[in-house]
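Let's take a friendly walk through one protein model. Have the viewer open and ready.

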Amino acid sequence: MNELISVVIPVYNVETYLDACVRSVMKQTYSNIEIILVDDGATDNSGEMCDFYAKEDSRVKVIHKDNGGLSDARNCGIEVTKGEFITFVAVSYTHLTLPTT
């Protein structure tokens, strides 16, 4: 298998978690991927971070758009994909320790 896989990652105010997410995708052993980061109108530094990744790795493409929600961000990402297959990755919050009551 050598088909191009498109990875769409919606981004909205996740600067704390974005680096771990994007670097995880960039380090995959299957390298024939394009990573579409969709900045959905983030008000933190997420958008600037996306631009940094695009400069660092030619497989990364960035879309900056006004906030429209998760589905809209995914759809915008789909519109620019070139891959034979498309997948979505959510910036994960699962490593957070939640308070117990």
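Some questions and answers on a helix and on salt bridges follow.

This is a predicted model, in which local features need pLDDT of at least 70 and side-chain atom pairs count only at pLDDT 80 or more, while totals for chains, interfaces and linings use all residues. Residues are numbered from 1 along each chain as its sequence is written, and side-chain values use heavy atoms, with hydrogens and water left out.

Q: Which residues of helix H2 are buried?
A: Helices here are DSSP runs of H or I with at least four residues, strands are runs of E with at least two, and both are numbered from the N terminus. Buried means under 20% relative accessible area, exposed means over 50%, and partly exposed lies in between (1.4 Å probe, protein chains only). In H2, which spans residues 46-56, the buried ones are Ser46, Gly47, Cys50 and Tyr53.

Q: Why do the buried residues of H2 lie on the same side of the helix?
A: The buried residues are Ser46, Gly47, Cys50 and Tyr53. The arc is taken from the directions that run from the helix axis to the C-beta atoms. These residues share a side of H2 because they cover an arc of only 115°.

Q: What covers the buried residues of H2?
A: Cover is judged by contact, meaning heavy atoms within 4.5 Å. The cover includes helix H1 (15-26) and the strands S1 (5-11), S2 (33-40) and S3 (60-65).

Q: How many salt bridges does the structure hold?
A: Side chains of opposite charge can pair when their charged atoms come close. A salt bridge is counted when a side-chain nitrogen of Lys or Arg is within 4 Å of a carboxyl oxygen of Asp or Glu. The total for this structure is six.

Q: Which residues are linked with Arg23 in a network of salt bridges?
A: Within helix H1, Asp19 and Arg23 sit four residues apart, about one turn, and their side chains meet at 2.9 Å, N to O. Glu56 also meets Arg23, at 2.5 Å, N to O; this pair joins distant parts of the chain, H2 and H1, 33 residues apart. Relative accessibility is 32% for Asp19, 23% for Arg23 and 38% for Glu56. The network partners of Arg23 are Asp19 and Glu56.

Q: Are Lys65 and Asp40 buried or exposed?
A: Lys65 and Asp40 form a salt bridge, with the closest N and O atoms 2.5 Å apart. The pair links strand S3 to strand S2 across 25 residues. With relative accessible areas of 15% for Lys65 and 4% for Asp40, both count as buried.
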